[in-house]
Amino acid sequence: MSTESRGKTHIDIYDRTVREAWAQRFGVSEERLRKAVTMVGSRITSVAAYLDRPAH
């Protein structure tokens, strides 16, 4: 089940499958995603804004 269909608001950066899916969705490397989470936290909308990508 995907993160979106469960209604989650945060990215679980420690879950490899979730991390890979969000990195692909945002079109960034996993390393870039990790850096974004470190900088702004794990809230999807915050990460999307930091990466200048749509959250949905």
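In which element is the place of serine 46? Serine 46 has its place in helix 3, where helices (H or I, at least four residues) and strands (E, at least two) are DSSP runs numbered from the N terminus. The model is predicted, so that local features need pLDDT of at least 70 and side-chain atom pairs count only at pLDDT 80 or more, while totals for chains, interfaces and linings use all residues. Residues are numbered from 1 along each chain as its sequence is written, and side-chain values use heavy atoms, with hydrogens and water left out.

The chain contains 3 helices and 0 strands, and its elements follow the order α-α-α from the N terminus on. Of its 56 residues, 29% count as buried; buried denotes under 20% relative accessible area, exposed over 50%, and partly exposed in between (1.4 Å probe, protein chains only). The chain exposes about 3800 Å², of which carbon and sulfur atoms supply 49%. Accessible areas come from the Shrake-Rupley method with a 1.4 Å probe, and for residues only the protein chains shown count as cover. Among contacts (heavy atoms within 4.5 Å) between residues at least 6 apart in sequence, 29% join residues at least 24 apart.

The largest nonpolar core has 14 residues, and Ile11, Trp22, Phe26, Leu33, Val47 and Leu51 touch the most other members. Such a core is a set of buried Ala, Val, Leu, Ile, Met, Phe, Trp, Tyr and Cys residues joined through side-chain atoms within 4.5 Å. Two or more residues of this core are given by each of helix 1 (16–26), helix 2 (30–40) and helix 3 (44–51). Phenylalanine 26 touches Ile11, Leu33, Ile44, Val47, Ala48, Leu51, Arg53 and Pro54, when residues up to four places away in sequence are not counted. Tryptophan 22, a residue of helix 1, counts as buried because its relative accessibility is 2%. Between tryptophan 22 and isoleucine 11, which are 11 residues apart in sequence, the C-alpha to C-alpha distance is 7.6 Å.

Two packed helices are described by the angle between their axes and the distance between the axes. For helix 1 and helix 2, the angle is about 95° and the axes are 9 Å apart. Axes are lines fitted to C-alpha atoms, for helices over the stretch in contact, and angles run from 0 to 180 degrees between N-to-C directions. Helix 1 is therefore roughly perpendicular to helix 2, a term for angles of 65 to 115 degrees, whereas angles under 35 count as roughly parallel, over 145 as roughly antiparallel and the rest as oblique. Helix 1 contributes Arg19, Glu20, Trp22, Ala23 and Phe26 to the contact, and helix 2 contributes Glu30, Leu33 and Arg34. By type, the residues of this contact comprise 4 nonpolar, no polar and 4 charged. Here Ala, Val, Leu, Ile, Met, Phe, Trp, Tyr, Cys and Pro count as nonpolar, Asp, Glu, Lys and Arg as charged, and the others, Gly among them, as polar.

Valine 37 has its place in helix 2 and counts as buried because its relative accessibility is 13%. Apart from neighbours within four places in sequence, valine 37 is in contact with Ile13, Ser42 and Val47. Its C-alpha atom is separated by 9.8 Å from that of histidine 10, 27 residues apart along the chain. A separation of 9.6 Å is found between the C-alpha atoms of valine 37 and aspartate 12, which are 25 residues apart along the chain.

Aspartate 12 itself is placed in the segment before helix 1 and, at 38% relative accessibility, counts as partly exposed. With neighbours within four places in sequence left aside, aspartate 12 is in contact with Val18 and Arg19. Serine 46 is likewise partly exposed, with a relative accessible area of 27%. Serine 46 and alanine 36 are 10 residues apart in sequence and 8.7 Å apart in space, C-alpha to C-alpha. In the segment after helix 3 is aspartate 52, which counts as exposed at 69% relative accessibility. Although aspartate 52 is not a glycine, its phi is positive, at about 55°.
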